[in-house]
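Morning, everyone. Let me put the structure up, and then we'll walk through it.

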2 protein chains.
Amino acid sequence: MSSDKPVIILVDPQMGENIGAAARAMLNMGLDELRLVNPRDGWPNETAITMDAGALEIMPPVQVFPTLAAAVADLHFVVATTARPRDMVKPVFTPRAAAAEINARANNDQKTGIVFGAERMGLINDDITLCHAIAIIPSNPAFSSFNLAQAVLLMAYEWLVEQDSAHGRISGTDENFPATQDKCEEFLSRLESELEKRGFFRTEEIRPTMKRNIRNIFIRACITDQEIKTLHGIISSLIGK
Amino acid sequence: MSSDKPVIILVDPQMGENIGAAARAMLNMGLDELRLVNPRDGWPNETAITMDAGALEIMPPVQVFPTLAAAVADLHFVVATTARPRDMVKPVFTPRAAAAEINARANNDQKTGIVFGAERMGLINDDITLCHAIAIIPSNPAFSSFNLAQAVLLMAYEWLVEQDSAHGRISGTDENFPATQDKCEEFLSRLESELEKRGFFRTEEIRPTMKRNIRNIFIRACITDQEIKTLHGIISSLIGK
């Protein structure tokens, strides 16, 4: 499995046909690592084969995860594909700019991923919070609902085109390497639990939004392992340990 | 019908589903003039509607022609989409370059079209002879056979992107507006002073580096006013105020 190519992650995919068509689209563009989060009809799914044009047989086995957090745990940089901007503070890219960013990070040995939501609903905000940036596919505002495999194709296409163009971005140093998502999660869980103990989240209603906003600050910054250690130290210091 | 947009022409299309999916892909990208040459199952075709997500109802009526020559008769500039180069002297474009060419000609009041071959065979050389240029969609050489609607989507996508002068990063909303540096400074000073009180910075030597590293996490994230309030709340909560 090539760590220099983005992983494609489908969250709650419903139709097997769409998973198959997405696999075909990925492989058309040279991507071959597909992960599924909670596929409605389970996996493997025979109907996927009707639309994959043989892609699933050629690709490494599809991996299945119960949650998006688990599916992105080993990744350093994750882009969420959405049809519309969200009320969340994150870099928003075109597919082209997202491909450039992914490529620059891959050149720096970061493992990257691109996340797609379910056919009808797209991604929920809690999923997007786990991602470092958003990519919005340009479309006709009067008719902007994409077929899932079509969205996958466009992102994969821009990735392939990006491989061919020479861009000037200098890859970062080792110190810039973001922590994997599971390390971030460990820190964020601790922070939340310390805040819970102290009654920080005053009401049930605001708790989810508050948590999302707090997570977003740190995920967006692509914090490093060293920074996570520092942040753990800060919490310990502030709570008097 | 807008003469400034390229017409999409499908030659000998076989599956109604693919025609429907192609219509959806076109309209997703703002194209709405679809022409069919000799569709295998005639037209209209009920199976098209299963995959069009309502696009065919919104678009002007699909026109049907017996030959490609008839379908391109009123066009000034026609691009043939193929998977591989042909032994024919013609300009060969990437989808991106083809979109730029189409746009330039449309700005010069030329009526343009993009031609796609049948699912299995692609375009025959006689069809390509009727076209002014060839566009080749980049792909994985080991797995380069595209679904018809996917090919239509990519060409239409490049056309739409070409319309847009904004190629890069989409500017954020008001909510994404970073706080001014003095607000950040106020928060960072408070954090540092609370950490000082608790002996977080163990030695004089590491203090400047530690401070710089901590600052860097938050500055890099371009935190907003709202997020600064949240972070102040977190400090207060952790120190037990």
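First, pLDDT: that is the predictor's confidence in each residue, from 0 to 100. This is a predicted model, so to speak of local features we need pLDDT of at least 70, and side-chain atom pairs count only at 80 or more, while totals for chains, interfaces and linings use all residues. Residues are numbered from 1 along each chain as its sequence is written, chains are lettered from A in the order in which they are written, and side-chain values use heavy atoms, with hydrogens and water left out.

Confidence, then. Chain A has a mean pLDDT of 88, and 94% of its residues reach 70 or more. Over residues 166-173 of chain A, pLDDT is below 50. The model scores ipTM 0.77 and pTM 0.81.

Now strand β7 of chain B, residues 133-136. Strands here are DSSP E runs of at least two residues, numbered from the N terminus. A133(B) and A135(B) point one way, I134(B) and I136(B) the other. All are buried, meaning under 20% relative accessible area with a 1.4 Å probe, protein chains only.

What does β7(B) pair with? Pairing takes at least two DSSP bridges between two strands. Strand β4 of chain B, residues 77-82, pairs with β7(B) in the parallel sense over four bridges. There, T82(B) has I136(B) as its bridge partner. Strand β5 of chain B, residues 92-93, also runs parallel to β7(B), joined by two bridges. V92(B) stands opposite I134(B).

Technical notes
Contact means heavy atoms within 4.5 Å. Buried means under 20% relative accessible area, exposed over 50%, partly exposed in between (1.4 Å probe, protein chains only).
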